[in-house]
Amino acid sequence: RVDPALYHPIALKMMAMLPRPDPALDPDGCGRYVLQIPNDSGEQQYIGRADYQLTMDQRLFGRVFYTKYRHEPGFDKSNPNLLMLSGAGLGIDARMTTFASGYDWVVSPSLVATTRVTMQRTSTERIQGEGAPTWTSLGVNTFQYTTGGGQDFLAGGTAGWSNSGFTGRFYVDTPSVSQDFDWVKGSHSVSFGGVWTRPHTDGDGTFASNGTFGFSGLITSGTTNANGGLPMADFVLGLPATFNQAGSQRNDQSINAIGLYVGDVWRVSRNMTLNYGVRWEPYLAAMDNNGFQQAFSRENFDKGLRSTVYPNAPVGLMFRGDQGFPDNGSNNRNGLAQFAPRIGLVWDPKGNNEQTIRVGIGHYYDSPRLWAYARHPLNPPFGNRVNALPPTTCAVSRNGCAVNFSDPRANTPGGDPLK
């Protein structure tokens, strides 16, 4: 049993925001609490359309779609409950607007031209209730990245109960333009055209930016077994085993996707159709507008070569300015010679529409998800996850000393690197 007089002030602040067990549901007095988090949400959708017939052969149209999804955060500062920061207690505010327009032109009885221009914008915010605590607001001397607006959160330090959901803001804009032609010539239906699409992501993932405490239970435990201690005992006494913090996960990237194609549907006979074509899809590497560019070279690794821009980097890592690093503003090279052929066959052996045999093969390309590069701003030299150092001597040192709960950088030379 831990004497309540020894409870740490910050632990007391946090425990004051935990619900008391219901004796009817906690007959043995072990602190059992039945948590119920509402998972209600509301969504509104709106659509609009406009059509205009320019001539007998030409028409214009427009379409718009807007949707709004809202899941309210569970934390209420007037009745604070830290358990409501977790799971379905994390709020979501998501909106999407899609606009599509088109121009169709029947050039001749055998040739049709279609033009499409689209724009899609999505915005998603992960939010906690106003007044959600942070380590700084609880009295910990550490840097706080978030500044309210539903973005404040508490990471780690729960010693076993549900952790806080992470906040963040994420926006994606995707414009697209395409031009297509369909031409019928005898038994051939030829299609050709092109498309340009440019997704752009702008995100801010805050999960590591406010600092994270860890309570292992080993500080007060008489055993070195990782499962042998009581994390809650370390927590109430204010004896964290770890504290680390990093910058925010900033992602500001875009990629140009271009495709040109030509294809033909050839009706070879009444019971056989051949479909074939080729598409040119050059790979234009994603651009990071923040300049978080690094790459790994297996060749340099095998040769034991280090970066000349950042000599302390591990062997094989390259950065902008190093010899051999791409000079296109990205961390990988463009690939222009990407051709995607395909061919398919449909055959009706008896010509009576009772049985068809289909066969086809094709070669295809895909583009990487822009968020795949979002780890770069968290990695050195652009960002670092910095661990606080514990003191070398302390009153309770069964399995090493604890990090200072009130001032986790108290024993770190130079103090808090983020301040």
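Strands are DSSP runs of at least two residues, numbered from the N terminus, and two of them count as paired if at least two bridges are found between them. The structure in every view is a predicted model.

View 1. Strand 1 spans residues 42–53 and strand 2 residues 58–71; their pairing is antiparallel, over 12 bridges. Within this pairing, Gly-48 has Val-64 of strand 2 as its bridge partner.

View 2. Strand 9 (residues 212–214) runs antiparallel to strand 10 (residues 242–245), and three bridges join them. Gly-214 is opposite Thr-242 of strand 10.

**View 3. The largest pocket has a mostly nonpolar lining**. Its volume is about 700 Å³. The lining comprises 18 residues, and Met-15, Leu-18, Gly-31, Met-232 and Val-236 are the nearest to the pocket centre. By class, 15 are nonpolar, one is polar and two are charged. Helix 2 (residues 231–236) contributes the most to this lining, with three residues.

**View 4. The second largest pocket includes Glu-281 in its lining**. The volume here is about 190 Å³. Fifteen residues line this pocket, with Ala-257, Ile-258, Glu-281, Pro-282 and Ser-367 closest to the centre. Eight of the lining residues are nonpolar, four polar and three charged. Strand 12 (residues 257–269) gives the most, with three residues. Glu-281 also forms a salt bridge with Arg-279, with 2.5 Å between the closest N and O atoms. Arg-279 is partly exposed, at a relative accessible area of 27%.

**View 5. Arg-49 and Asp-51 form a salt bridge**. The closest N and O atoms of this pair are 2.9 Å apart. Arg-49 has a relative accessible area of 60% and counts as exposed because this is over 50%. Asp-51, at 40%, is partly exposed.

**View 6. Six residues share one salt-bridge network**. Shared partners join Arg-49, Asp-51, Arg-59, Arg-63, Asp-104 and Arg-116. The whole structure holds 15 salt bridges.

How values were computed:
Residues numbered from 1 in each chain as written. Predicted model: local features only at pLDDT ≥ 70, side-chain atom pairs only at ≥ 80, totals over all residues. Heavy atoms only, no water. Helix = DSSP H or I, 4+ residues; strand = E, 2+ residues; numbered from the N terminus. 1 Å grid on protein atoms, 1.4 Å probe; cavity = no way out; pocket = protein on both sides within 12 Å on 5 of 7 lines; lining within 4 Å. Points joined across faces, edges and corners; volume = space filled by probe spheres on them. Nonpolar A, V, L, I, M, F, W, Y, C, P; charged D, E, K, R; others polar. Salt bridge = Lys/Arg side-chain N within 4 Å of Asp/Glu carboxyl O. Buried < 20%, exposed > 50% of the residue type's maximum accessible area, 1.4 Å probe, protein only.
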